[in-house]
Amino acid sequence: MSEFIVHSIPGSPFGRSALAMLEEKGASYRFSPVAPGTMRSPEHLARHPFGRVPVLQHGEFMLYETQAILRYLDRVLPSPALTSADPRRAARMDQVMNVNDWYLFHGVGNVIGFHRVVGPRVMGLKPDEAAIEAAMPKARTVFEELARLLGEQAFFTGETISLADLLVAPGVGFFTQTPEWAELGVPHQNLVAWLSRMEARPSFKATTWERVSEMAQAA
Ligand SMILES: N[C@@H](CCC(=O)N[C@@H](CS)C(=O)NCC(=O)O)C(=O)O
């Protein structure tokens, strides 16, 4: 089988989902760092016309959009299967993945995560407190809803992980680095326990910001 190459940047939650997926499957892969400031270069726009990461390269096949990447990898690397055969569990997985993309990322993660973590750490920016405050109502709804959907299960679709856990955990994990976690995450102890379970997995230990930075340096 052709080599898997992940084009991404250290610290990208979506990129981490793709990398953790490959780790969960025990697949060998190569990390190809998109150099700082080149996200909108012709070379990267040829891979991803919207100038984002990650992009998966598998032989001649190029694929962007993390949900598509996770689903593709689950099909070409079928063991262990990370999508339930049960229609309701699979539907719940799809729902949680869309909550991630539509509500957790847009207007919440890309505001609070950016102003608290990425901006200060990568660009030396000061957090925009007004933007963070404006994002909080939606953030409260998102975290309440994730906690409700998780319920007393170990993972979002039951007792074993699915693509939903791999997509959502990197985004939620970002919030533990923000003061907003005390209000958004900590009151939902089921979500806190779930995140600890995810972060304890070898796939997550292998794909921290620091580990991915090491991959980027070694590339
Ligand atoms: N819908 C895309 C979202 C990807 C995305 O927004 N990635 C972020 C990093 S986590 C990015 O590339 N941001 C660059 C930018 O906004 O310029 C996916 O699922 O892959």
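The model is predicted: local features need pLDDT of at least 70 and side-chain atom pairs count only at pLDDT 80 or more, while totals for chains, interfaces and linings use all residues. Residues are numbered from 1 along each chain as its sequence is written, and side-chain values use heavy atoms, with hydrogens and water left out.

T83 lies in the loop between α3 and α4 (helices, H or I of at least four residues, and strands, E of at least two, are DSSP runs numbered from the N terminus). Leaving aside neighbours within four places in sequence, T83 is in contact with D74, M93 and L163, where contact means heavy atoms within 4.5 Å. The side chains of T83 and D74 are joined by a polar contact of 2.7 Å (a pair of N or O atoms within 3.5 Å; within protein, one must be able to donate a hydrogen and the other to accept it, and residues adjacent in sequence count only if both atoms are side-chain atoms).

K25 is placed in the loop between α1 (13–24) and β2 (29–33). Its relative accessibility is 9%, so K25 counts as buried. Not counting residues up to four places away in sequence, K25 touches L73, D74, L77, P78, S79, P80, A81 and L82.

The side chain of K25 makes a polar contact of 2.6 Å with the side chain of D74. A polar atom of the K25 side chain also lies 2.6 Å from the backbone oxygen of P80. P80 is in the loop between α3 (66–76) and α4 (87–123), and the peptide bond from S79 to P80 is cis, with omega near -5 degrees.

## The ligand site

The residues around the ligand are S12, P13, F14, M39, R40, R52, V53, P54, E65, T66 and F105, each with a heavy atom within 4 Å of it. An N or O atom in the side chain of R52 is 2.6 Å from an oxygen atom of the ligand. A polar side-chain atom of T66 lies 2.8 Å from a ligand oxygen atom, and a polar backbone atom of V53 is 2.9 Å from a ligand nitrogen atom. Taken alone the ligand exposes 510 Å², of which the protein buries 81% (Shrake-Rupley method, 1.4 Å probe; for residues, only the protein chains shown count as cover).

Two of these surrounding residues have backbone features to note. The peptide bond from V53 to P54 is cis, with omega near 10 degrees, and P54 lies in the loop between α2 (42–47) and β3 (55–58). E65, in the loop between β4 (61–64) and α3, has a phi near 90 degrees, a positive value in a residue other than glycine. E65 counts as partly exposed because its relative accessibility is 45%.

## M123

M123 is placed in helix α4. With a relative accessible area of 48%, M123 is partly exposed. Apart from residues up to four places away in sequence, M123 touches F114 and V118.

Key. Buried < 20%, exposed > 50% of the residue type's maximum accessible area, 1.4 Å probe, protein only.
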